[in-house]
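Please read it alongside the sequence and the coordinates.

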Amino acid sequence: MSRVDFEVPRFARRDRCRSCAAPVVFVPTAKGKPMPLDLNTIECRDGKEYAESHFAHCPQAIGWRKK
């Protein structure tokens with residue numbers, strides 16, 4: 001499975017995951033919903049920051065899925 005990164009805008013809200021307490025940053029999806037990105041996966045490329053979805057690493061991710 002290949003890694004998918006999302007751009008981290010400067011205005012993004014930084015917080016902690018309510019399930020595992022990992023540091024995350026919330027970015028809006030195309031539908032305007034907040035999506036957590038894992039701050040431990042941030043990489044700088046071409047002057048911008050990118051991170052992987054926190055759902056790829058959170059041990060409690062399945063509990064946050066909508067039914």
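In this predicted model, three strands form an open sheet in the order 2-3-4, and their pairing is antiparallel. A further open sheet, also of three strands, has the order 1-6-5 with antiparallel pairing. The largest pocket has a volume of about 470 Å³, and strand 2 and strand 4 are the elements that each give two or more residues to its lining.

- From one strand to the next, the twist averages 40°.
- Strand 2 pairs with strand 3, residues 23-28, in the antiparallel sense, and four bridges connect the two.
- D15 has V24, in strand 3, as its bridge partner.

**Sheet 1-6-5**

- The order of the strands here is 1-6-5, and the sheet is open.
- Its edge strands are strand 1 and strand 5 (43-45), each of which pairs on one side only.
- Neighbouring strands of this sheet are turned by 40° against each other on average, with direction ignored.
- Strand 5 and strand 6 run antiparallel and are joined by three bridges.
- R45 stands opposite K48, which belongs to strand 6.

**Largest pocket**

- The lining of the largest pocket comprises 17 residues.
- F26, P34, P36, F55 and W64 are the lining residues that lie nearest the centre of the pocket.
- Two or more lining residues come from strand 2 (13-16), and two or more come from strand 4 (34-38).
- By residue class, the lining divides into eight nonpolar, seven charged and two polar residues.

**Confidence of the model**

- The mean pLDDT of the chain is 88.
- A value of 70 or more is reached by 96% of the residues.
- Confidence is lowest in strand 1 (residues 5-7), where the mean is 92, and highest in strand 6 (residues 48-52), where it is 95.
- Where pLDDT is low, the predicted coordinates should not be read in detail.

Methods:
Residues are numbered from 1 along each chain as its sequence is written. This is a predicted model: local features need pLDDT of at least 70, side-chain atom pairs count only at pLDDT 80 or more; totals for chains, interfaces and linings use all residues. Side-chain values use heavy atoms; hydrogens and water are left out. On a 1 Å grid over the protein atoms alone, a cavity is a set of points where a 1.4 Å probe fits but cannot get out, and a pocket is an open set with protein on both sides within 12 Å along at least five of seven lines; lining residues have an atom within 4 Å of a point. Grid points are joined across faces, edges and corners, and a volume is the space filled by probe spheres set on the points. Ala, Val, Leu, Ile, Met, Phe, Trp, Tyr, Cys and Pro count as nonpolar, Asp, Glu, Lys and Arg as charged, and the others, Gly among them, as polar. Two strands pair if DSSP finds at least two bridges between them. Axes are lines fitted to C-alpha atoms, for helices over the stretch in contact, and angles run from 0 to 180 degrees between N-to-C directions. pLDDT is the predictor's confidence in each residue, from 0 to 100.
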